[in-house]
Amino acid sequence: MKITGADVLISSPGRNFVTLRVRTDEGLHGLGDATLNGREKAVAAYLSEHVVPCLLGRDASRIEDIWQYLYRGAYWRRGPVTMAAISAVDTALWDIKGKALGRPVYDLLGGASRDGVLVYGHASGRSMDEAVNEVGRYIDLGYRAVRAQSAIEGLAGTYGVGKGKDNYEPAERGAVPAETVFATRPYMDQVPRLFERIRDEHGWETELLHDVHHRLAPIEAARLGKDLESCRLFWLEDAVACDNPEGFRLIRQHTTTPLAVGEVFNTVHDAKLLIDEQLIDYLRMPVCHGGGITHLRKVAAIADMGFVRTGFHGATDLSPVAMAAALHFDLWVPNFGIQEYMRHSEETDAVFPHAYTFEDGYLHPGDAPGLGVDYDEALAAKYPYEPAFLPVARLADGTMFNW
Ligand code: EZ4
Ligand code: CO
C-alpha cells in the first residue's frame with residue numbers, strides 16, 4: 001500500500017487545528033493531529049515543505065521505518081515543531097494500518113488492558129466559591145477525578161480559569177499574545193485553602209488534581225506539595241519550569257504529593273533523568289507532541305521501569321484525532337495512570353465526528369477500525385484559520401515570567 005499524497009488541513013471550528021490526512025493508493029486514508037497551540041503555521045510549513053514530499057511513494061505499512069526516517073534521518077532533531085509533525089504522520093499511519101486490518105488501534109498495540117480509560121475533568125472558578133461549586137458539578141456529571149483551579153484573589157486572568165461558563169481555552173485570538181499577571185505569594189497561600197474547602201464540601205472519594213503550570217521555583221513547589229499533603233492529591237502538575245529537570249530532586253526530597261510533568265516534552269530524552277531517578281509519578285507527553293504512538297510505546301516502557309505511569313495531556317488544543325489516539329494507547333498501555341479530558345466545543349466535535357464515548361467517569365475509544373475519527377472537510381471550510389496565541393505572563397513589577 002503506497003502513500004500517494006498527504007494534505008495539511010488547517011481550520012478553526014471553535015479553535016485552530018492542523019490536521020494531517022495521509023492518502024494511499026488503496027483508497028484508505030489516515031488522520032494525525034499536528035496542532036501546536038499558537039504555533040500552528042510552523043508545523044504546517046514543516047509538514048508541507050519538509051515531510052510530505054518525502055512520504056510520497058513509501059509503503060504506508062512500514063510505520064517504524066518511516067518514523068526512523070523522519071527522526072533519525074534528520075540532522076536537526078527534536079523540538080516541538082519537528083516532533084508534532086512526526087507525531088501526526090505516525091498517528092495517521094497507525095490509523096491506516098487499523099483500517100487496512102479492520103481492527104481498532106488498541107488491538108494492534110496488544111489489546112485492551114482495562115475496560116475503560118479513567119479521565120479527569122477541569123473545574124475552574126473566577127473565585128474559590130465558584131471553583132468549589134464547579135468540582136461538585138463535575139462530580140454530578142459522573143467524573144471520578146477532577147482538576148481544580150481558581151483565580152488568584154485580586155488578579156485577573158489567572159492560568160486555568162475560563163472567562164465565562166465555557167470550557168477553559170487558553171489561546172486568545174489576536175495578532176500578538178495577551179499579557180497576564182502572576183503573583184507567587186497569594187497563589188501559594190490560596191491553593192491549599194482551595195483544596196481544603198473542596199475536601200470539606202465534596203468528601204474524599206473523588207481524585208483531585210492541580211496544575212501549577214510551570215510557575216514555581218523548586219523550594220516553593222516543595223512547600224506547596226507539603227501544604228497539600230493532607231488533601232491527598234492525585235497529582236501536582238508542572239510544579240516548576242520543565243527545562244531544568246534537576247529541580248525535581250529538591251521537590252522530591254520534601255513532599256509525598258505525587259508529581260506529574262511533561263506536556264511540553266517531545267522525546268524520551270526530556271524525561272530520561274526524571275524516570276531514571278524516580279523523581280516523578282506521572283508522565284504527560286501526549287501522542288500528538290511526544291513522537292506519536294511509535295515513540296510513546298518506547299517512552300512508556302522506559303517509564304514503567306522507573307515506576308512512572310502515563311497521564312497524557314488532553315486539553316482542547318489537542319484535536320479529537322489526538323484524543324482518539326491517546327485513548328487507544330491508554331486502553332492498552334500497562335502502566336496507565338489517568339487521561340486528561342477537556343470536552344471540545346460543539347463546532348469541534350461536528351468537524352471531527354468520533355467513536356469515543358464517555359460513561360461513568362471513563363472514556364472508551366470504541367471499536368471502529370483505526371482511530372475511529374473522521375474529518376468533515378466541507379464543514380471545516382466554514383471555519384477559516386484565525387491567528388491566536390497563548391498568553392504571556394509578567395510579575396506585578398513588570399518582570400517577564402513563565403505563563
Ligand atoms: O496550558 O494545553 O494541563 N493542561 C494544560 C493546558 C495547556 C494548554 C497549552 O496549549 O496545562 O491548559
Ligand atoms: Co498542564
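This short talk describes the surroundings of two ligands in a predicted model.

Good morning. Residues are numbered from 1 along each chain as its sequence is written, and chains are lettered from A and ligands numbered from 1 in the order in which they are written. In this predicted model, local features need pLDDT of at least 70, side-chain atom pairs count only at pLDDT 80 or more, and totals for chains, interfaces and linings use all residues, while side-chain values use heavy atoms, with hydrogens and water left out.

I begin with ligand 1. It is surrounded by 15 residues, where near means that a heavy atom of the residue lies within 4 Å. The closest are Asn37, Tyr159, His213, Glu263 and Asp317. How does this shell divide? Five residues are nonpolar, three polar and seven charged.

Next come the polar contacts, that is, pairs of N or O atoms within 3.5 Å. An oxygen atom of ligand 1 lies 2.7 Å from a side-chain N or O atom of histidine 213. For histidine 313, the distance from a polar side-chain atom to an oxygen atom of the ligand is 3.0 Å, and for arginine 147 it is 3.3 Å. Taken alone, ligand 1 exposes 320 Å², of which the protein buries 95%; these areas come from the Shrake-Rupley method with a 1.4 Å probe.

I turn to ligand 2, the cobalt ion. Which residues coordinate the ion? They are Asp211, Glu237 and Glu263, at 1.9 to 2.2 Å; donors are N, O and S atoms within 2.8 Å of the metal (3.2 Å for Na, K and Ca). Their spacing along the chain is D-x25-E-x25-E. Aspartate 211 belongs to strand E8 (residues 207-211) and glutamate 237 to strand E9 (residues 235-237), so the pair ties together parts 26 residues apart in sequence. Strands here are DSSP runs of at least two residues, numbered from the N terminus.

Thank you.

Note on methods: Polar contact = N/O pair within 3.5 Å; in protein donor to acceptor, adjacent residues only side chain to side chain. Nonpolar A, V, L, I, M, F, W, Y, C, P; charged D, E, K, R; others polar. Helix = DSSP H or I, 4+ residues; strand = E, 2+ residues; numbered from the N terminus.
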